Amino acid sequence: MPCGQPDSGAAPARYVLGVDVGSTVVKCHVYDRAAAVRGSSCKKVESLHPRSGWVELDPEVLWSQFIGVIKEAVQAAGLRMRQIAGLGISTQRGTFITWHKRTGKPFHNFISWQDLRSAELVNSWNKSLLLKVIHVIFTVLHFLTGNDRYLAPSFLTFSTHQTSMKLSWVFKNIHEAEEAAKKNNCCFGTVDTWLLYRLTKGSVYATDYSNASSTGIFEPFTKCWNPTLCSLLSIPMSVYPPVKDTSFNFGSTDSEIFGVPIPIMAVVADQQSAMFGECCFHPGDVKLTMGTGGFWNVNTGEHLFASRRSLYPLIGWKIGEEVVYLTEGSISDIGTAIKWAQDIELFTNVDETAEMAQSIADSQGVCFIPGLQASGYDPYLCASFMGLKPSTNRNHLVRAMLESVAFRNKLLYDTIVKKVHIPLRTIRADGGVSNNSFVMQMTSDLINKKIEKPANADMSSLGAAFLAGLASGFWTDKEQLKKLRRIEAVFEPQKDLEEYRPAMEAWLQAMKHTPHW
């Protein structure tokens with residue numbers, strides 16, 4: 001009998017699915033009660049670039065990939081669909097689509113979080129007198145009250161990565177969406193919302209608190225879609241979905257899709273999902289994800305912390321009455337830069353890079369300046385190498401690139417220590433670049449902290465599965481989840497910061513010469 005078809009003799013539901021719809025791949029893992037992976041499937045996400053700076057995803061292709069990896073993972077595990085107790089979905093953040101409420105037809109492709117089409121709109125707003133006045137008002141309020149909520153509003157400084165600016169662009173440039181919104185017939189959704197809508201054939205229209213807060217349109221302090229921001233940008237409030245708990249029974253997939261209905265028990269944003277997968281449940285727990293980009297997340301418990309540009313507050317997850325807040329800082333060009341270096345044949349396999357970097361004493365003064373992904377605040381920033389010499393070889397270039405990751409980790413960690421007034425506890429790393437021992441050891445040395453690396457680097461999938469498992473009763477509580485954690489390696493500080501100071505100071509000097517290139 002083919003996978004996904006009803007089977008009256010099938011074993012009871014003893015597995016959960018964790019699907020991660022990332023920027024580069026869609027992955028599905030089948031987990032048993034010990035959180036061991038029983039089957040997996042992965043498909044590459046193909047981005048579209050219809051114009052310079054535009055980054056889109058075809059919704060039908062993404063849908064096909066999503067369904068495909070679930071069917072293939074269950075088949076690889078040797079299971080049938082009725083053995084699945086629940087589905088958890090982790091998704092890339094900020095990527096969105098709008099569609100007609102009655103017909104379900106999209107008005108455009110998914111607009112990626114990496115998309116830069118709103119650059120002109122961003123520059124116009126950031127130079128406007130109105131925004132300057134708002135900035136002064138909120139600065140005064142922060143000074144008078146000391147309340148970080150006056151640092152957090154996403155309209156104090158706009159960037160091209162913010163969903164709000166691209167959504168405003170949609171209503172200014174896509175007539176059908178604008179007309180539908182006037183008649184309350186336009187739906188806005190991030191990837192999770194659209195997948196829920198498709199999986200339930202239109203019967204469920206919702207998102208969760210982690211995904212909503214990651215758009216920059218949902219106010220984490222008030223837990224509401226921000227009417228002030230929407231009024232400023234002429235975005236109708238009617239387009240937004242209801243916001244539900246992260247670990248929650250969202251309903252079941254339509255039985256025609258997989259042969260049997262599968263309970264959808266969690267939707268969660270990818271970085272928050274990785275945080276949950278790492279079991280960073282306590283205030284002061286820190287998660288470092290190094291994938292396409294880099295993300296430092298700190299569990300701040302019931303408190304929200306923010307600082308302009310460098311750190312921003314998010315809702316980590318909401319489960320019943322529990323709301324956990326995070327502070328996040330991000331850096332670009334980690335996995336992106338390494339992939340570029342591989343494409344131009346600086347190395348054949350990424351596994352070689354740590355050994356290449358360790359084979360030489362230093363980068364011989366070569367510095368790598370990130371900028372392959374345009375900055376949301378400086379779209380003209382570009383990547384470059386500085387300090388090249390006739391003796392520079394591939395090893396020096398690779399080491400310089402890996403050092404830049406560790407240096408930026410150090411800068412962001414120092415900002416977190418300064419701004420977040422909570423003692424930091426454990427630091428746990430995940431993502432593809434966490435497999436690089438050179439980056440991990442150097443980061444540990446620079447911040448003078450122990451860093452744990454889990455045996456399973458796909459934390460977003462695991463986090464989604466954990467959340468789904470809690471909602472379905474597959475696992476009982478977070479204490480049980482902690483016991484399922486498996487650590488592959490621990491990186492302890494081995495060198496003093498002073499040994500790195502000359503290289504880091506040279507890199508900082510190089511960074512000062514590159515803005516507005």
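Reader: What should I know about the model before I start?
Author: It's a predicted model, where local features need pLDDT of at least 70 and side-chain atom pairs count only at pLDDT 80 or more, while totals for chains, interfaces and linings use all residues. Residues are numbered from 1 along each chain as its sequence is written, and side-chain values use heavy atoms, with hydrogens and water left out.

Reader: OK, how many helices and strands in the protein chain?
Author: The protein chain has 17 helices and 22 strands. Those are DSSP runs numbered from the N terminus: helices are H or I with at least four residues, strands are E with at least two.

Reader: And what share of the residues is buried?
Author: Buried residues are 57% of the 517 in the protein chain. Buried means under 20% relative accessible area, exposed means over 50%, and partly exposed is in between (1.4 Å probe, protein chains only).

Reader: Let's go to β14. Is that strand mostly covered or open?
Author: Mostly covered: five of its five residues, 286–290, are buried. Val286, Leu288 and Met290 sit on one side, with Lys287 and Thr289 on the other.

Reader: Which strands does β14 pair with?
Author: β14 pairs with β15 (residues 294–301) in the antiparallel sense over five bridges, and with β20 (residues 427–430) in the parallel sense over four bridges. Pairing here takes at least two DSSP bridges between the strands. With β15 it forms a hairpin that has three residues between the strands, and Met290 stands opposite Gly294. On the β20 side, Lys287 stands opposite Arg428.

Reader: What about Asp430, does it sit in a strand or a loop?
Author: Asp430 is in strand β20. Asp430 is buried yet has no salt bridge, and Lys287, the nearest side chain of opposite charge, is 4.9 Å away. For charges, Lys and Arg count as positive and Asp and Glu as negative, with His and the chain ends not counted. A salt bridge needs a side-chain nitrogen of Lys or Arg within 4 Å of a carboxyl oxygen of Asp or Glu.

Reader: So what does the Asp430 side chain make a polar contact with?
Author: The side chain of Thr289, at 3.0 Å. A polar contact is a pair of N or O atoms within 3.5 Å; within protein, one must be able to donate a hydrogen and the other to accept it, and residues adjacent in sequence count only if both atoms are side-chain atoms.

Reader: How many salt bridges in total?
Author: The count comes to 22. One of them joins Lys27 and Asp458 (2.7 Å, N to O). That pair links distant parts of the chain, 431 residues apart, with Lys27 in strand β2 and Asp458 in the loop between β21 and α15.

Reader: Switching topic: what's the phi of Glu345?
Author: It's near 70°, a positive value in a residue other than glycine. Most residues other than glycine have a negative phi. Glu345 lies in the loop between α11 and α12. Lys201 also has a positive phi, about 50°, and sits in the loop between α6 and β9.
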